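Try each one before you read its solution.

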Amino acid sequence: MEQEEKHITSYSFLAKILVVLLALTAVSVAVTWINVGPLTIALALFIATVKSLGVLIWFMHLKYEKPMFTVMVAGVFVLYAVIIVITFFDYWFR
Amino acid sequence: MSQEHSGHTEHRDDIGSKMGMWIFIFTELLLFGGLFLVYAVYRNQYSEDFHIAASQLNTFLGTLNTIILLVSSMTVAMSVTAIQKNDHKLSFRLLLITLLLALAFLVNKYFEYSAKIHHDIYPGSDLVTNLKHGQTLFFGLYFFMTALHGFHIIVGMILLSVIAYKVKKGKINSEDHVLLENGGLYWHLVDLIWIFLFPLLYLIS
């Protein structure tokens, strides 16, 4: 049933991903020095999300797995987003 | 799928193994997700206190640990590449580097915690319980979330040690390396959680 064309991620590509992730970390630390007020947390979370996508897609090989895996991961994140929205609706409009 | 392997027929389902690992990872994500939700609600209620309390944390150590985990995430991914290319020695060495980085993370964590305890900041200390409510909550969340994450680092180290041993013995090889891939997935999960813990705890002051 399985005759996968096994994708092998090259060392240099993994190293490039690391450089990008480290650069994004540097940006998120630098942003706290500039102090952009209420935007700080939004920006920090945005950068963290981009970094986590990098880890999920390339380090965790989601790009090269069957699409089913991506669908499942996306489903969990949608579920979590729904939980957050419902919780805050409850807090704000109780 | 069955295949000939050292004389006997072995049943293996790599996709199934990986899917099982992913489902386990989902439970972990939702476990920490619940904690992040508690954090979000209290931060919303006590944003001032959260800012003041977070300024007590050592951003340098937090950043250093972020770098350590990102590098270790890459070394474990490279270890998978090495085994796929049938380079056992390199795969084993990359796992050892990953384990050393994990140890470095814990050493930093030790210094971080001891500095906090030295300043009388630990769960249930007189100082922490008498702080403003929001600050007490922040330190409670800080200790619980980082300790739970640290526990995952220790579990990951045990898992990767077993995997490194099996790579060394040739039980994990270019034909059969789903255990290494799953161990790698677990390690990336530990990294993934830290990617969110770091800005939310250390970078909000």
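Chain B has a mean pLDDT of 94, with 96% of its residues at 70 or more; pLDDT is the predictor's confidence in each residue, from 0 to 100. For the complex, the predictor gives an ipTM of 0.92 and a pTM of 0.92. This is a predicted model, so to speak of local features we need pLDDT of at least 70, side-chain atom pairs count only at pLDDT 80 or more, and totals for chains, interfaces and linings use all residues. Residues are numbered from 1 along each chain as its sequence is written, and chains are lettered from A and ligands numbered from 1 in the order in which they are written.

**Exercise 1.** Work out the pattern that chain B follows along the sequence.

*Solution.* Start with the DSSP runs: helices are H or I, at least four residues, strands are E, at least two, and numbering goes from the N terminus. That gives chain B seven helices and two strands. Now read along the sequence: β-β-α-α-α-α-α-α-α.

**Exercise 2.** Find which element of chain B gives the most to the side that touches chain A.

*Solution.* Call two residues in contact if their C-beta atoms, placed from the backbone, lie within 7 Å. The contact then takes 31 residues from chain B and 34 residues from chain A. On the chain B side, the elements giving two or more residues are α1 (14-45), α3 (59-84) and α7 (178-202).
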